[in-house]
Amino acid sequence: MSVTVILPQVLQADAGGAKHIAVERPAGGEPLRAVLDELARRHPRLDRRVRDEQGALRRFVNVFVGDEECRALAGLDTPVPDGSEVRILPSVAGG
Amino acid sequence: MAYLLVIGTRKGLFRATSDDRRHWEVSGPLRLDDDGYADMMGIYAVGIDPHTRRVLAGAESPHFGPSVWHSDDLGRTWSEPEKAPIAFPDDVEESLTRAWQFAFTGEPGEVYAGAEPHSLFRSTDGGLHFELVRALWEHPHRKDWFPGAGGGAVHTVIPGRVDARGTDPRAVTVAMSTGGVYQTRDGGASWAPANAGITATFLPEETPEYGQCVHKVAVGPDGAFYAQNHHGVFRSTDPAQGWTSIADGLPSDFGFALVAHPGRPGTALNFPVISESCHLPPEHRLRPHRTDDGGRSWYPVDAGLPTEPYYGIVLRDGAATDGAEEPGFYFGTRSGDVYATVGDSGSWTQVAAHLPDVLCVRAAEV
């Protein structure tokens, strides 16, 4: 019972160099927020790259659940089925 | 004796070192950590702790938000705490945009951070972790403070002084855009505006109690305060009692940066800008102006600077002094050029050219 979080290269140092992080979950169908909360517990610095102190996704960070960016679904309330891949990517901005 | 100059730009952090302040070795953009995105971070605030020589860098990534890095080897290597160094507490529904200013006090380990949105934070561990100064955040005037073009921030922090009568560890003066100058005399428990005489061209009332867009405040060794305003340059020995215009003799009363001589009362440098609607140097010349009489008169100090047309201005923290006995003065421009001068030589030497636009500089003997 887990999902896999996939990090971009630029954030891997904040997770001890890992590209893939398995997040074990007690039950299926929990929202994306719970996955990120578990990630935050293990890697606080990684979390603040992705969310601000209010828990909101940073404007130019995209989080895909499967193939869909979460903002096109239910945002941080998007259910994450067991076995899903959650991919964090910087959006097309900055430079 | 060696000197360190830390340069924050819109695209990364640079450092320059020198033994004589005439010949500089420049390196950067510095790799703040292993993530690899330091090159695209804007460095809006740098500070050099006078007690420990720890260097703080306040950075903002357009993707991944703000943070504060620190270096204990004069900028060669950098670290960042796991927990956010500056963050609003859980009961405040706000998130940090960026740090704008670091200001160290006479107490080892104590450092203030001015931040956006309009806020002041205080650290007692040398900048690893900051706490919100609640009384300024909860000030009843907050509803009337709004962002200027650069954002709404506490961008100037002067610990230890509220007037020229003396220093007091419980005194702090801050300036914000917009909002103006505020002061505490009780260690941050209460704050009062100190803007009498400072103009606000963008409000119905010409000199309101507060709401001005003060761009930078500096204090001289005699405790005299100098303010570069959003149109208007002022001096005061007691800001709570009021300010007096010292703009006569400058080519423009608009600008952002202002630096006071650390050892000589009455001497300060100003970096004029044409106007609020034209952020270019007057006559398209890179020409700082200096006063030696507390602002009664000004004269250009441009020996060694480009003589051809120049279009890069100096932003509010783009100028500084190293505070040495024979002080060095430094400034960087939005065109990415950095210059230094020592003492009364009156001649600038180029430290660096063609950097990204310079947001802030700080220097110290090390």
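**Strand β5 of chain A**

I began with strand β5 of chain A, residues 85-90, and looked at where its side chains point. I call a residue buried if 20 or more other C-beta atoms lie within 10 Å of its own, exposed if 12 or fewer, and partly exposed in between, with C-beta atoms placed from the backbone. Helices (H or I, at least four residues) and strands (E, at least two) are DSSP runs, numbered from the N terminus.

I note that this is a predicted model, in which local features need pLDDT of at least 70, side-chain atom pairs count only at pLDDT 80 or more, and totals for chains, interfaces and linings use all residues. Residues are numbered from 1 along each chain as its sequence is written, and chains are lettered from A and ligands numbered from 1 in the order in which they are written.

**Partners of β5(A)**

Which strands pair with β5(A), and in which sense? Strand β1 of chain A (residues 2-6) pairs with β5(A) in the parallel sense over three bridges. Strand β3 of chain A (residues 61-65) pairs with β5(A) in the antiparallel sense over five bridges. Two strands count as paired if DSSP finds at least two bridges between them. At residue level, I found A:Arg87 of β5(A) as the bridge partner of A:Ile6, and A:Leu89 of β5(A) opposite A:Asn62.

**The sheet and chain A as a whole**

Five strands of chain A form an open sheet with mixed pairing, in the order β2-β1-β5-β3-β4. β2 and β4 (68-69) of chain A are at the edges with a single partner strand each, so one side of each has no neighbour in the sheet. β4(A) pairs with β3(A) in the antiparallel sense over two bridges, and A:Glu69 in β4(A) stands opposite A:Phe64.

Chain A has two helices and five strands, and along the sequence I read the pattern β-β-α-α-β-β-β. A compact globule of 95 residues would have a radius of gyration near 12 Å, and chain A agrees, with 12 Å. The radius is taken over C-alpha atoms, and the globule rule is 2.2 Å times the number of residues to the power 0.38. The C-alpha trace of chain A spans about 40 × 30 × 25 Å along its principal axes. I get 32% of its 95 residues as buried.

I checked confidence as well: chain A averages a pLDDT of 92, and 93% of the residues score at least 70. pLDDT is the predictor's confidence in each residue, from 0 to 100.

**Where the chains meet**

Two residues are in contact if their C-beta atoms, placed from the backbone, lie within 7 Å.

**Chain B**

In chain B I count one helix and 27 strands. Its radius of gyration is 19 Å, close to the 21 Å that the globule rule gives for 366 residues, so chain B is as compact as a globular protein of that length. Its C-alpha trace spans about 50 × 50 × 35 Å along the principal axes, and 51% of the 366 residues are buried. Of the contacts in chain B between residues at least 6 apart in sequence, 52% join residues at least 24 apart.

The largest nonpolar core has 105 residues, and B:Val259 is one of those with the most contacts inside it. A nonpolar core is a set of buried Ala, Val, Leu, Ile, Met, Phe, Trp, Tyr and Cys residues joined through C-beta atoms within 7 Å. Beyond its neighbours within four places in sequence, B:Val259 is in contact with residues including B:Ala218, B:Leu269 and B:Phe329. A second, separate core of 18 residues includes A:Leu11, A:Val23, A:Leu32 and A:Leu36.

**B:Gly151**

Last, I looked up B:Gly151, in the loop between α1 (134-137) and β11 (153-159) of chain B. B:Gly151 is partly exposed, with 15 other C-beta atoms within 10 Å. Not counting residues up to four places away in sequence, B:Gly151 touches B:Thr97 and B:Glu116. B:Ser177 is 26 residues from B:Gly151 in sequence and 7.5 Å away in space, C-alpha to C-alpha.
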